[in-house]
Amino acid sequence: MSAAGGRALVVGEALVDIVRRTDGSVSEHPGGSPANVALGLARLGRTAELLTWLGDDAHGDLVRAHLEGDGVRVLRGDRVAAATSTAAATLDTEGGATYDFDLEWDLPATWDSSDEAAPVVVHTGSIAAVLPPGGEAVARLLAEHRATSTVTYDPNLRPALMAAPAVTLPLVEALVAQADVVKVSDEDLAWLMPGVAPAEIAEDWVRRGPAVVVVTHGGEGAFACTAAGDRLAIAAESVEVADTVGAGDSFMSGLIDGLWSAGLLGADRRDALRAIDAATLEQVLVRCVRIAAITVSRPGANPPTSAELGEG
């Protein structure tokens, strides 16, 4: 399978973020970590499909219109949610968000697709990867696609919705072991394994199977380690922060897109991905940092297009 074309299949939640700001204003925006990743990929020019769990209601229509307006194909399944999920995000004075969720997560048994060929990459993460009953279906789907597709994973944890760290950690690490590429925030790692250095966790995780593990440190940049033995630290760009909503998701989109452009996605490229050299990964990560910086410079999960990056 050529990594130049093909499609990305993103599996996970799409919902409506109800954002409460410090000035008392409230606004509604389509969101959900996997949905944001699909949006980011589409804006970077990739064919992106989203397998999710939406209701046939006004919030579901809002999400579909938002994603399809940027070219994401929201797949239709044999079952739908009783109601589209919501996440109330309360912003602090620095733009950081805390969440309160009204969420149900499952997957349809069957769904449509625009292409009979296997996707080049399958991505999942966040709530969808661990919350029952859909979490088990996601794990099965990833296992089924490993023979044909690169698997990418971002834990993007939501403690308010998840079991205690001791219960969640084995679920996360089982998905890490299935993944070729993992991106995780230092905040996620601090919750999962308090007191353990993020770099130490990344080193452990890369030995479990992934080719690349990236830890993001917000305004401090990112750290990466590879199965080939390279270790990289990437500085963040200085930017005035509007809010941090969707920043990690846009970084993840950039990571998938960058590896795709480097010809390293698709199961037939797994060995090449495991042998990625430091210069190639650094180039990809510098661009990811730039993408995230643009996202945090404006309100909401609003990732840049290729044109905004000066690429088209």
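A pocket, on a 1 Å grid over the protein atoms alone, is an open set of points where a 1.4 Å probe fits, with protein on both sides within 12 Å along at least five of seven lines. The largest pocket here holds about 1300 Å³ of space, a volume being the space filled by probe spheres set on the points, which are joined across faces, edges and corners. This is a predicted model, in which local features need pLDDT of at least 70 and side-chain atom pairs count only at pLDDT 80 or more, while totals for chains, interfaces and linings use all residues. Residues are numbered from 1 along each chain as its sequence is written, and side-chain values use heavy atoms, with hydrogens and water left out.

**Annotated span**

- UniProt, in an unreviewed entry, lists residues 9–305 as "domain: Carbohydrate kinase PfkB"; such annotations may be inferred rather than shown by experiment.
- The span 9–305 is 36% helix and 21% strand, and its end C-alpha atoms lie 19 Å apart.
- Helices (H or I, at least four residues) and strands (E, at least two) are DSSP runs, numbered from the N terminus.

**The largest pocket**

- Its lining consists of 49 residues, of which S185, E187, T244, A247 and G248 lie nearest the centre; a lining residue has an atom within 4 Å of a point.
- Elements that give two or more residues to this lining are β2 (15–20), α1 (33–43), β7 (97–102), β10 (181–185), α6, α8 (247–261) and α10 (278–296).
- By class, the lining has 21 nonpolar, 16 polar and 12 charged residues; Ala, Val, Leu, Ile, Met, Phe, Trp, Tyr, Cys and Pro count as nonpolar, Asp, Glu, Lys and Arg as charged, and the others, Gly among them, as polar.

**Backbone features in loops**

- The peptide bond from P132 to P133 is cis, with omega near 0°, and P133 is found in the loop between α3 (127–130) and α4 (134–145).
- S126, in the loop between β8 (121–125) and α3, has a positive phi near 60° although the residue is not glycine.
- S126 counts as buried at 1% relative accessibility, where buried means under 20% relative accessible area, exposed over 50% and partly exposed in between (1.4 Å probe, protein chains only).
- N156, another residue that is not a glycine, has a positive phi of about 35°; N156 lies in the loop between β9 (150–154) and α5 (165–178) and is buried at 12%.

- L192 is in helix α6 (residues 186–192) and is buried, at 5% relative accessibility.
- Beyond residues up to four places away in sequence, L192 touches L157, P165, T168, L169, V172 and W205, contact meaning heavy atoms within 4.5 Å.
- S149 sits in the loop between α4 and β9, buried with a relative accessible area of 0%.
- Leaving aside neighbours within four places in sequence, the contacts of S149 include V121, D180, G266 and R270.
- The side chain of S149 also makes a polar contact with the side chain of T148 (3.2 Å); a polar contact is a pair of N or O atoms within 3.5 Å, where within protein one must be able to donate a hydrogen and the other to accept it, and residues adjacent in sequence count only if both atoms are side-chain atoms.
- R274, in helix α9 (residues 270–274), is partly exposed, with a relative accessible area of 33%.
- A polar atom of the R274 side chain lies 2.7 Å from the backbone oxygen of G209, and G209 is among the contacts of R274, together with P210, A211, A227 and A228.
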